[in-house]
Amino acid sequence: MARKIPEINSGSMADISFLLLTFFLLTSSINTDMGISRKLPPPIDKTVTPPEIKKRNIFTVLVNANDQLMVNGSIGDISTIKAKTIEFLSNPASDPNLPEKIIKYIDLLGNIEVSKGVISLQNDRGTSYEMYIQVQNELTAAVNELRDQLSKEKFGKKFEDLKSDAKKEAIQKAIPVSISEAEPKNIGGQK
Amino acid sequence: MARFKKKGKKEVPAINTGSMSDIIFMFLFFFMVITNMREATLFVRVLPPQATEIQKLEKKALASSIYIGQPMKTAMYGTEPRIQLNDQFAEVSDIKEFIEKERAARNEVDRPLLSTTLKADGEVKMGILTDIKQELREIGAFKITYATRRGKKNN
C-alpha cells in the first residue's frame, strides 16, 4: 500500500500574504508625479546679442515680491490672464498691436498661420512659488485651449485625445509654448 | 415523511480557505504594480501648489527629484527653506554634483532624456528656485517639471 502524503496545511498562507500586503501598503505611495513641464533655456552666451523682438510680439507678465501681477503694462489679475493670453496668441482680428503671424507649412496641417508672439514671464526672488505656479498654470491653460481649438478644427478631437504622435507634433508646432523667462532680478529685497 | 429523513447529524461544511491566499496575493501584486516605493525620507515639508494643466510624468525612472521646503524639525534646522537631495540636506552648490551623479548612473542612451522634478512647497519663495534653475541651466539639465497637485478648475 502506497503511503499517503499528508496534506500541507495552507490555512496560514493567507496570513502570510496579508502580512506582505500590509508591508507594501505601508512602504509604497500611490501618488504619481504630476506637474507642469518646462524647458529651461541654455545659459546666455555673452558674445551673442539677443535677437530684437518687436514690441507687438511680446506679452510681458511681471510678478512682484507681493505676488501682484502686471500684464502688458497694466495691473493684472490672475483670473483674466488666460483670456488675455489667448487673445494675444491667436490675434483673431489681425490687430496691428497684437503679434504678427507668419504662414508656415506644417505636415498634416498644410499652410497655417503661426503666431510670432512670445510670452515673457518675469518674477522676483520674493515671489511665492504658489503664485508662480498659478501664473504658469494659466499660461499653459491658454496654450492648451488654443491647441484644443485647432485640433478640433483639423482632426475633430481634443489635443489630449489625439492618438498619433505625428498629429500631436503638428499641433505643437502650430501652437508652440513660447514662454520665455527673463533673467532673474532681485528687486523686492531678501530671499 | 420518514423516507426522506437523513441519517445522522447535519453538519455545516467547513469553508475552504485554500483560495483565500490566492486572492490576497492578487491584491498584493495589484498594489505592487500601481504603487512605487517611497524613494527618500523627507526632511523638508513639501506641499506642492495646485494646478489644473498638469501632465503625468512619462518616464519616472529617468527623473531625479529635488525637494525644497521648510525643514520638518524647525527647532533643529530653523524655518528657512532648505534643499533636499536624496537623503540629506544640500546647498545650491551641491546640485551640479547631484546631476552629474544622476547622469553617471544612467546609460548613454537615456542621458538626454533625463529630467529633473522640482518638488517645492507652495510657500517657498522663488529666490531659492531661481538659484536652482540657474544651476540646472549651467549644467545643461534643461528638462524640468514643477510638481503640483491636481486642483480645481477655477473658470
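In the predicted model, Ile83(B) makes contacts with Ile66(B), Ile68(B), Phe89(B), Ala90(B), Glu91(B) and Val92(B), when residues up to four places away in sequence are not counted. Ile83(B) belongs to strand β6 of chain B, which spans residues 82-85. The C-alpha atom of Ile83(B) is separated by 5.7 Å from that of Tyr67(B), a residue 16 positions away along the chain. Because 24 C-beta neighbours lie inside 10 Å of Ile83(B), this residue counts as buried, the threshold being 20 or more.

Chain B as a whole contains four helices and ten strands. Along the sequence, these elements are arranged in the pattern α-β-β-β-β-β-α-β-β-α-β-α-β-β. The chain has 155 residues, of which 25% count as buried. When contacts in chain B between residues at least 6 apart in sequence are considered, 75% of them join residues at least 24 apart.

In chain A, the packing of two helices was examined. Two packed helices are described by the angle between their axes and the distance between the axes. Helix α3(A) (residues 129-155) packs against helix α4(A) (residues 165-174) at an angle of about 130°, and the two axes are 10 Å apart. The helices α3(A) and α4(A) are therefore oblique to each other. Their crossing is right-handed. The contact is formed by Arg147(A), Leu150(A), Ser151(A) and Phe155(A) of α3(A), which meet Lys167(A), Ile171(A) and Ala174(A) of α4(A). By class, the residues of this contact comprise four nonpolar, one polar and two charged.

With regard to confidence, chain A has an average pLDDT of 81, and 93% of its residues score at least 70. Helix α3(A), described above as a partner of α4(A), is where confidence in chain A is highest, with a mean of 88. Confidence in chain A is lowest in strand β1 of that chain (residues 28-29), where the mean is 70.

Notes:
Residues are numbered from 1 along each chain as its sequence is written. Chains are lettered from A and ligands numbered from 1 in the order in which they are written. This is a predicted model: local features need pLDDT of at least 70, side-chain atom pairs count only at pLDDT 80 or more; totals for chains, interfaces and linings use all residues. pLDDT is the predictor's confidence in each residue, from 0 to 100. Axes are lines fitted to C-alpha atoms, for helices over the stretch in contact, and angles run from 0 to 180 degrees between N-to-C directions. Angles under 35 degrees count as roughly parallel, over 145 as roughly antiparallel, 65 to 115 as roughly perpendicular and the rest as oblique. A crossing is left-handed if the near helix is turned anticlockwise from the far one by less than a right angle, and right-handed if clockwise. Two residues are in contact if their C-beta atoms, placed from the backbone, lie within 7 Å. Ala, Val, Leu, Ile, Met, Phe, Trp, Tyr, Cys and Pro count as nonpolar, Asp, Glu, Lys and Arg as charged, and the others, Gly among them, as polar. A residue is buried if 20 or more other C-beta atoms lie within 10 Å of its own, exposed if 12 or fewer, and partly exposed in between; C-beta atoms are placed from the backbone.
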